[in-house]
Amino acid sequence: MTTIDFSPLYRSSIGFDRMASILDATLRGDQTSAGYPPYNIEVTDENRYAITLAIAGFSEDELDIQVEKGVLTVKGRKGGEEESRKYLHQGIANRAFERKFNLADHIEVRGADLKNGLLTISLVKEVPEAAKPRSIQINGSAKRSDKVLEHDASANEDNAETNAA
């Protein structure tokens, strides 16, 4: 088993603690079912994505799609009716499957559509206003010197009044 050292990543980034666990889970993932069902991940717009899974033979009631803690899980379970059939050749895979996708922060699942044996899951990246880039005002020395000058000027006026009396 290969061990990866993430310490250089932690030296220059903040808040990516979850990345190590994601990479570790990916490296340890179950490789036996890695090819089924085949899928595509595509960018449909600047902040829109789609995951399409080829799941021929599955109906909507045999599928389960869930999102929990940033992980999208798609499961397929066939009913018992297929066991009564006798095949001379079975090239269409009707086996149960579970496929997981790690979602980045602010990615939301908008819906799913099953058409012609393809399950398409629509995703949108919606960054809240609080997480969007913003400019930070710098409190420069020019503003401070103005206040100091104003203070000094008022102090000088007070001194002048005291000296005149």
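In this predicted model, Asp64 sits opposite Lys75 of strand 4. The two strands involved, strand 3 and strand 4 (residues 71–76), run antiparallel and are joined by six bridges.

**The hairpin**
- Two residues separate strand 3 from strand 4 in this hairpin.
- Lys69, in the turn, has a positive phi of about 50°.

**Ile55 and its neighbours**
- You will find Ile55 in the loop between strand 2 (48–54) and strand 3 (63–68).
- Ile55 counts as buried because its relative accessibility is 0%.
- Leaving aside residues up to four places away in sequence, Ile55 touches Pro37, Leu63, Phe97, Leu114, Gly117 and Leu119.

- The whole structure holds three aromatic pairs.
- One of them joins Tyr36 and Phe97 edge-to-face, at 5.9 Å centre to centre with 85° between the planes.
- This pair links distant parts of the chain, with Tyr36 in the loop between helix 2 (17–28) and strand 1 (39–45) and Phe97 in strand 5 (residues 97–102).
- Phe58 and Phe97 also pair edge-to-face, because their planes are at 85°, with the ring centres 5.3 Å apart.
- Phe58 lies in the loop between strand 2 and strand 3, so its pairing with Phe97 ties together parts 39 residues apart in sequence.

**Charges over the rings**
- Lys78 lies over the face of Phe58, 5.2 Å from the ring centre.
- Arg95 lies over the face of Tyr36, at 4.0 Å from the ring centre.

Methods:
Residues are numbered from 1 along each chain as its sequence is written. This is a predicted model: local features need pLDDT of at least 70, side-chain atom pairs count only at pLDDT 80 or more; totals for chains, interfaces and linings use all residues. Side-chain values use heavy atoms; hydrogens and water are left out. Helices (H or I, at least four residues) and strands (E, at least two) are DSSP runs, numbered from the N terminus. Buried means under 20% relative accessible area, exposed over 50%, partly exposed in between (1.4 Å probe, protein chains only). Contact means heavy atoms within 4.5 Å. Two strands pair if DSSP finds at least two bridges between them. Rings of Phe, Tyr and Trp (its six-membered ring) pair if their centres lie within 6.5 Å; planes under 30 degrees apart count as stacked, over 60 as edge-to-face and the rest as tilted. A charge sits over a ring if NZ of Lys or CZ of Arg is within 6 Å of the ring centre and within 35 degrees of the ring normal.
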